[in-house]
Amino acid sequence: MTITIASPAERVLYRPEEAAAALGIGRSLVYEEIRLGRLQTVRIGRRRLVPPEYIAQYVELLKREAEAAA
């Protein structure tokens, strides 16, 4: 039986720090957006993890907000 581990480009869950790096924002801002419910997460035990699709949804939210403000 062969077990393959996803490369970093194929990750299915990101730690908040990794999500911050992917978004180009600070860790504190990621935790604030999570607290506000703007960036969704999943929980595994006590850990909060961010699936890539939630990062994409957050980016779309930011785009809609930017268009509405223009």
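**Helix packing and the core**

Modeller: Ala 56 is partly exposed, at a relative accessible area of 41% (buried means under 20%, exposed over 50% and partly exposed in between, with a 1.4 Å probe and protein chains only). This is a predicted model, in which local features need pLDDT of at least 70 and side-chain atom pairs count only at pLDDT 80 or more, while totals for chains, interfaces and linings use all residues. Residues are numbered from 1 along each chain as its sequence is written, and side-chain values use heavy atoms, with hydrogens and water left out.

Colleague: In which helix does Ala 56 lie?

Modeller: Ala 56 belongs to helix α3, residues 52–69. Helices (H or I, at least four residues) and strands (E, at least two) are DSSP runs, numbered from the N terminus.

Colleague: Which residues of α3 are buried?

Modeller: Ile 55, Tyr 58 and Leu 61 are buried in α3. Seen down the helix axis, the buried residues of α3 fall within an arc of 115 degrees, so they line one face of the helix; the arc is that of the directions from the helix axis to the C-beta atoms.

Colleague: And what covers them?

Modeller: The cover over the buried residues of α3 includes α1 and α2.

Colleague: Turning to the core, which residues make up the largest nonpolar one?

Modeller: It has 10 residues in all: Tyr 14, Ala 19, Ala 20, Val 30, Ile 34, Leu 39, Val 50, Ile 55, Tyr 58 and Leu 61. A nonpolar core is a set of buried Ala, Val, Leu, Ile, Met, Phe, Trp, Tyr and Cys residues joined through side-chain atoms within 4.5 Å.

Colleague: Which element gives the most to this core?

Modeller: α3 does, with three residues.

Colleague: At what angle do α1 and α2 pack?

Modeller: The angle is about 105 degrees, and the axes of α1 and α2 are 8 Å apart. Axes are lines fitted to C-alpha atoms, for helices over the stretch in contact, and angles run from 0 to 180 degrees between N-to-C directions. That makes α1 roughly perpendicular to α2, a term for angles of 65 to 115 degrees.

Colleague: Which residues meet there?

Modeller: Pro 16, Glu 17 and Ala 20 in α1 meet Arg 27, Val 30 and Tyr 31 in α2. Beyond its neighbours within four places in sequence, Ala 20 is in contact (heavy atoms within 4.5 Å) with Ile 25, Gly 26, Arg 27 and Val 30.

Colleague: What happens just after α1?

Modeller: Gly 24 takes a positive phi there, of about 75 degrees.

Methods: Parallel < 35°, antiparallel > 145°, perpendicular 65-115°, else oblique.
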